[in-house]
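Please look at the sequence and the three-dimensional view below before reading on.

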Amino acid sequence: MGLKLENVSKKFVGKQAVDNISFEVDKPGVFGLLGTNGAGKTTTIRMLLGIIKKDTGEITWNGKKVERKSVNFGYLPEERGVYPKTKIYDQLMYFAKLKGMSQKEADMAIKKWAKVLKVEEYLPMLAEKLSKGNQQKIQFMTAIIHDPELIVLDEPFSGLDPVNSEILKNVIIDLVKEGKYIIMSSHQMASIEEFCTDILILNKGKTVLQGNLKEIKEGYKANRLELSTNKNIDEWIKEFNMEIEFSKNNEYSIKIDAEEKAHQLLKKLVTNHIEVDKFEIKKPTLNDIFIEKVGE
Amino acid sequence: MKDLRTVIAFTIKDMAKRKSFIISTLIILVLIVIGFNIPNIAKAIVGDNENAGETNLLIVDSTNLFEGTLQTINQMELGYNVQVANNEVSFDDIKGKIENKDIDQAMIIEQKEDGTYKIRYIVENMTQVAMVPEDLMNTINTLYTNLQISKLGLTPEQIASLSPNFEFTIEQTEEQEVSGNILVIMLLSIVLFYAIYFCAYQVSSSITTEKTSKIMETLVTSTSPRIIVLGKTIGIGIVGLIQICLIVGVALISAKVFLDPELLNSVLDMSKMTPYLAIMTIVYFILGYFAYALLYALTGSTVSKPEDIQSANTPVAILAIIGFYLSYFTMMNPTSELNQFAAIFPISSPFCMPFRIMMGIASNAEIILSIAVLVITILIIAQVAIKIYSNAILNYGTKMTFKDIVKVYRDKNN
């Protein structure tokens, strides 16, 4: 059950936007859809929301074909938009009604989410009076107001300050706890790593990597050593033919090709009475994997 | 259907609540009330005495040529309050009387050396009265002729035969009878054109605003493009119709309350303002509005920057102007074949047919054909506009060319 895309393709005039992609979101949680600009993320999202038709393949939700008329997913688009000259409450009520809610249900949901997202005071105001971050929270409310089972969030954290990012993160965690299916597209790899269980990386419309994020990362060898010492150890690092990625105040990030070498370096440092405050062998981050897969 | 109602209700509320809409409507209503009060305002400024409007005219007949008959002018309702002086009154005396506002104008009857008579008409300033009023000249001539005839000792029958009182009537060779003041009809045609045009233009502006504010993507995932286009068009049309009814209502009430009934009847034959005409005018307003609003929905969806609206809408504006002028100029000859064509041709029929009905020259068959052609045209435009809107609304690039629009229409996205 859940969302399933099988061999989906879409071609625009002279350009293959999405090329035969398949993935499945079969349990509640956050699914990460990644890719560079123009990789085909938005086209994929628009197809699974039924906004544009696919050329080939099949998209189903709980076993039923996804069509524009039948879809009632929540969607926070990358292109933020509100009616500037309309009161916040009125536009939330408008979208809630379009999504099938009654006046009473919509009113209750607006008040509930306005409280959670801390935007209650803005409800009677015109949208143009709100900051960009608050407008974004209003649009997020539009996406979830009707309590959809599947929510698509395209760059949900861009433009939000740390306080508002934290509020949004907590809401997303709560939504997952409630059993919602969330598809998140973002360039902020830290956010994807924080939330996503499964990911798919697109490049020029093609899938270049997909699967469980933990398993993907386990498939990679450790490639970085993070060290913190009480004195400069540049000479010893060079002696082991290692490359320093970054160093500052005796804190090092060093590229490694084998964990063994890192242990040998540690042994050498201890033997030479160098105090080691931090020694951490790290696997590639999602950012590293992303760059490796789509960087040219 | 529920979604359509929601979009209509939101559009109406959104438009009617806008300060710009409320202020512009109020300004128009105030201007209408002021406009119909101009005669009263002028009267208040000039003064409101009983004789206002009557000209105080002094006629100097020192030779008593008219033998006292000049006083009868006062009973003729020519707008003159005549005083007759049978003594000599000089030009300077008359000048003093005009300056002191004792009189407005004067007339001096003088005998020339050859025995004939000369009448001098004296006014304060010839820019106000450039020539001797014709009705006054005719009256003076008639008075003198009657005076001389009465001296001939004729019988009443003989006198009556000299004044035959011919009855003049006018008839036409064409079978269709045209009634109504053409100038007023042309004026009303302009009002109807602007009402349809500006209401329809709002649709384009509203769609581009949604694209500019990037709300479109959220909107198209909430309901179908067909519902958005139709809901928006109907909503704006309802607001426009209410605004027009308000303006026409205030204009009619103002005309009735503030205007002199005689003046009103001379300009507008109120007997022609039948409920049937009102209904047909509303029907043509709605159909005309739909045709142009859907065309504007099409052009509005092809742009995503407010500065591009004007150029994208130009083809529709040109079409509307051609339609309007086709109707406007052929109305000068309402029985012509070209005017009949304009009443059926869909781009001009909304501006033409209501006035053919008003003039009483539109047959039922003509009306049915005209409405049928307009409805079919609207359905075709709606089909094309909704398809292009569906495919073009998520295009945030530069303004689409005609070639792009054709390509988008053929796109199998929707």
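With 14 C-beta neighbours inside 10 Å, I291(A) counts as partly exposed, on a scale in which a residue is buried if 20 or more other C-beta atoms lie within 10 Å of its own, exposed if 12 or fewer, and partly exposed in between, the C-beta atoms being placed from the backbone. The model is a predicted one, in which local features need pLDDT of at least 70 and side-chain atom pairs count only at pLDDT 80 or more, while totals for chains, interfaces and linings use all residues. Residues are numbered from 1 along each chain as its sequence is written, and chains are lettered from A and ligands numbered from 1 in the order in which they are written.

I291(A) is found in helix α10 of chain A, where helices (H or I, at least four residues) and strands (E, at least two) are DSSP runs numbered from the N terminus. The C-alpha atom of I291(A) is separated by 9.9 Å from that of G35(A), although the two residues are 256 apart along the chain. Which residues of α10(A) are buried? In this helix, which comprises residues 286-294, they are L286(A), I289(A) and F290(A). Because they cover an arc of only 100° around the axis, they lie on the same side of α10(A), the arc being that of the directions from the helix axis to the C-beta atoms. The cover over the buried residues of α10(A) includes β3 (29-35), α6 (189-195), β9 (196-203) and α7 (213-218) of chain A.

The domain assignment of chain A gives domain 1 (3-218) and domain 2 (224-294), with bounds that come from an automatic or database domain assignment. Taken over C-alpha atoms, the centres of these two domains of chain A are separated by 39 Å. Across the boundary, 12 residues of domain 1 of chain A are in contact with 8 residues of domain 2 of chain A, where contact requires that the C-beta atoms of two residues, placed from the backbone, lie within 7 Å. On the side of domain 1 of chain A that touches domain 2 of chain A, the elements that give two or more residues are β3, α6, β9, β10 (206-212) and α7 of chain A, and the largest share, 3 residues, comes from α6(A). By class, that side has 7 nonpolar, 3 polar and 2 charged residues; here Ala, Val, Leu, Ile, Met, Phe, Trp, Tyr, Cys and Pro count as nonpolar, Asp, Glu, Lys and Arg as charged, and the others, Gly among them, as polar.

Chain A as a whole has 10 helices and 14 strands, and 37% of its 296 residues count as buried. Its C-alpha trace spans about 75 × 45 × 35 Å along the principal axes. Strands β1 (residues 3-12) and β2 (residues 15-25) of chain A run antiparallel and are joined by 7 bridges, two strands being paired if DSSP finds at least two bridges between them. Within this pair, V8(A) has I21(A) in β2(A) as its bridge partner. The two strands β1(A) and β2(A) form a hairpin with 2 residues between them, and G14(A) in the turn has a positive phi of about 75°. β1(A) also pairs in the antiparallel sense with strand β4 (residues 56-61) of chain A, over 5 bridges, and there E58(A) in β4(A) is the bridge partner of E6(A).

β12(A) pairs in the antiparallel sense with β13 (residues 251-255) of chain A over 5 bridges, and K248(A) has E251(A) as its bridge partner in β13(A). This hairpin has 2 residues between the strands, and N249(A) takes a positive phi near 50°.

Chain B comes to 16 helices and 4 strands, and 32% of its 414 residues count as buried. Its division is into domain 1 (2-39 + 182-410) and domain 2 (55-162), whose centres, taken over C-alpha atoms, are separated by 58 Å.

The contact between the chains takes 21 residues from chain B and 24 residues from chain A. On the side of chain B that touches chain A, the elements that give two or more residues are α1 (2-16) and α8 (216-220) of chain B. In α1(B), T6(B), V7(B), I8(B), F10(B), T11(B) and D14(B) are buried, and the buried residues of this helix pack against α2 (88-98) of chain A together with α9 (225-258) of chain B.
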